[in-house]
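User: I have a chain open here and would like to go through its fold. Can you take some questions?
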Amino acid sequence: MIKVMFADDEELVRSGLRAMVAPAADIEVAGEAADGRTAVEAVRRFHPDVALLDIRMRTPDDGIRALRAIQTLPNPPVVAMLTTFDIDEYVSLALRFGANGFLLKDIEPAVLVRAIRDLARGGAVLDPSVAARMVNAHRDGQRASAPARELIASLSEREREVVTLIGQGLSNAEIGARLHLSEATVKGYVSAVLSKIGAANRVQAALLAYRGGLVD
């Protein structure tokens with residue numbers, strides 16, 4: 001059973017998320033919160049596997065504060081941020097502080113359930129359209145930056161294939177099916193890629209794929 005915790009300052013959003021995951025027999029809503037402080041308390045109390053945090057709650061940076069606090073806890077859950085996606089500095093901060101993905105609040109139920117399962121397996125979730133908007137918002141001049149191209153050039157051909165598919169939003173299992181590799185082998189390639197490019201998680205690898213021109 002996957003235990004998930006939702007944090008959003010709008011009851012309507014929380015009730016919608018509850019309703020979307022209710023049909024999934026392998027997902028249990030273990031806690032809810034309406035602000036960052038309560039979100040941290042809920043993680044301490046319920047020990048969820050996955051926490052979904054509104055990037056903005058009672059104050060503009062409340063979700064970021066909660067993310068930072070949760071990451072300092074023993075055995076923290078995998079955290080993804082909920083957003084309507086007004087792209088600003090908080091998105092960059094969330095990436096820096098270890099967010100494993102971004103989910104739009106109008107996400108489809110099936111996509112939400114799949115995202116929670118992917119996060120529980122230690123993956124990351126980032127819709128390709130979201131990644132593209134992030135890159136476009138933070139780019140300095142040309143979309144494909146020279147540093148990103150240099151990092152891409154340091155990868156082997158297979159590693160470039162893997163990071164390209166990460167950028168397209170594929171899970172390890174989906175990458176394995178596409179490249180005719182076992183999921184364990186894909187995990188090894190992903191770990192190698194993250195180490196070589198200095199990325200904390202798959203979200204940052206996906207952004208590199210966009211900045212390096214591997215994904216349109």
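User: How many helices and strands are there in the protein chain?
Analyst: The protein chain has eleven helices and six strands. Keep in mind that this is a predicted model.

User: What order do the strands take in the sheet?
Analyst: The order is β2-β1-β3-β4-β5-β6, in an open sheet of six strands with parallel pairing.

User: And which are the edge strands?
Analyst: β2 (27-33) and β6 (125-126), each of which pairs on one side only.

User: How many bridges link β1 and β3?
Analyst: Four bridges, in the parallel sense, between residues 2-7 of β1 and residues 50-54 of β3. Within that pair, M5 is opposite A51 in β3.

User: Which strands does helix α2 touch?
Analyst: Helix α2, residues 36-46, packs on the sheet and touches β1, β2 and β3. The direction of α2 makes about 140° with that of β2.

User: What about α5, where does that helix lie?
Analyst: Helix α5 (residues 109-120) lies across β1, β2, β3, β4 (78-83), β5 (101-104) and β6. Relative to β3, α5 runs at about 125°.

User: Changing topic: what share of the residues is buried?
Analyst: Of the 216 residues in the protein chain, 49% are buried.

User: And what does the accessible surface come to?
Analyst: About 10,200 Å² for the protein chain, with 49% of that belonging to carbon and sulfur atoms.

User: Last one: what share of the contacts joins residues at least 24 apart?
Analyst: That share is 69%, taken among contacts in the protein chain between residues at least 6 apart in sequence.

Methods. Residues numbered from 1 in each chain as written. Predicted model: local features only at pLDDT ≥ 70, side-chain atom pairs only at ≥ 80, totals over all residues. Heavy atoms only, no water. Helix = DSSP H or I, 4+ residues; strand = E, 2+ residues; numbered from the N terminus. Buried < 20%, exposed > 50% of the residue type's maximum accessible area, 1.4 Å probe, protein only. Contact = heavy atoms within 4.5 Å. Areas by Shrake-Rupley, 256 points an atom, 1.4 Å probe, with all protein chains shown as cover. Pairing = 2+ DSSP bridges. Axes fitted to C-alpha atoms, helices over the stretch in contact; angles between N-to-C directions.
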